[in-house]
Amino acid sequence: APPPSTSPGAADPPPASSLRPAPYWTFVQSALRRVLRRAILRNHSLGDDHRQYAADRGRSGCRPAGETVKHLLVVTAVMELGGGLALVCFPAVAVDFLLHSPLAAPAAVTLARVAGAALLALAVACWFARHDAHSLAARGVIKAMAVYNPGAAVVLAIAGLQSPPAGVALWSAVVIHTVMAAWCVGVLLRGQPRLPKGNGRTVTP
């Protein structure tokens, strides 16, 4: 019998080997699956660690660190808001009340108002960070306050020692800034407590 005729334009079927995925693509797929599997296991482990840590904190009766940070930010916002408004609106009165020294030069009034604007900016930053106590931004604000409060306390204390007329208001401000500096340092030191032994990780509350 004559062989079946084939049309000249017909293409031969592709070999079976060409239908298989390339070796490098198989390797990429397996690598991606391994990475995803490890990421999922790691997330589950971190979630368990956080839940265990929260349970331990609840059983110990300790105040959550987020609540302490929120209180610190709110208190700072209220204090600096008052001081900033006083320096911006009534710089001469505020400085005279604090230092018992008048602002005679216009340049001094301008600098006092700039300082008041800086205090208002700090108050706004603290107020809007109070609901995000666990973020790096909130910790950055607290670190900035940990620098500002002792600096303000030292500057005001030197001014009080150099000017005898300084009264109760100035030394009260020195004490308040010292207490706030200690509070900021305490919050930062408590920011990364260690989990129970065996985990090998730290958790920020």
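In the predicted model, glycine 83 is a residue of helix H2, which comprises residues 65-89. Glycine 83 has a relative accessible area of 27% and is therefore classed as partly exposed, since that class lies between the 20% limit for buried residues and the 50% limit for exposed ones. Between glutamate 67 and histidine 131 the C-alpha to C-alpha distance is 9.5 Å, at a sequence separation of 64 residues.

The chain as a whole contains six helices and zero strands, and the order of its elements from the N terminus is α-α-α-α-α-α. Of the 205 residues in the chain, 25% are buried.

Helix H4 covers residues 106-129. The buried residues of H4 are Ala112, Gly116, Leu119, Leu122, Ala123, Cys126 and Ala129. In general, an α-helix has 3.6 residues a turn, so residues three or four places apart point the same way.

Helix H5 spans residues 136-162 and includes isoleucine 142. H5 has 27 residues, and its first and last C-alpha atoms lie 39 Å apart, close to the 39 Å expected at 1.5 Å a residue. The buried set of H5 consists of Ala138, Arg139, Val141, Ile142, Met145, Ala146, Asn149, Ala152, Ala153, Leu156, Ala157 and Gly160. Within this set, isoleucine 142 has a relative accessible area of 1% and therefore counts as buried, the cut-off being under 20%. The C-alpha atoms of isoleucine 142 and cysteine 184 are separated by 6.1 Å, while 42 residues separate the pair along the chain.

Two surface patches were also identified, one nonpolar and one of positive charge. The nonpolar patch, of about 200 Å², is made by Val75, Met79 and Ile176. Isoleucine 176 belongs to helix H6, residues 168-189. The relative accessible area of isoleucine 176 is 39%, so this residue is partly exposed; patch residues are required to have over 30%.

The patch of positive charge on the surface gathers Arg33, Arg34, Arg37 and Arg38. Of these, arginine 33 is located in helix H1, which extends over residues 23-60. Arginine 33 counts as partly exposed because its relative accessibility is 48%, and the exposed class begins over 50%.

Terms used:
Residues numbered from 1 in each chain as written. Predicted model: local features only at pLDDT ≥ 70, side-chain atom pairs only at ≥ 80, totals over all residues. Heavy atoms only, no water. Patch = residues over 30% accessible without salt bridge, like charges linked within 9 Å, V, L, I, M, F, W, Y side chains within 5 Å. Areas by Shrake-Rupley, 256 points an atom, 1.4 Å probe, with all protein chains shown as cover. Salt bridge = Lys/Arg side-chain N within 4 Å of Asp/Glu carboxyl O. Lys, Arg positive; Asp, Glu negative; His and termini not counted. Charge placed at Lys NZ, Arg CZ, Asp CG, Glu CD. Helix = DSSP H or I, 4+ residues; strand = E, 2+ residues; numbered from the N terminus. Buried < 20%, exposed > 50% of the residue type's maximum accessible area, 1.4 Å probe, protein only. Expected span 1.5 Å × (residues − 1).
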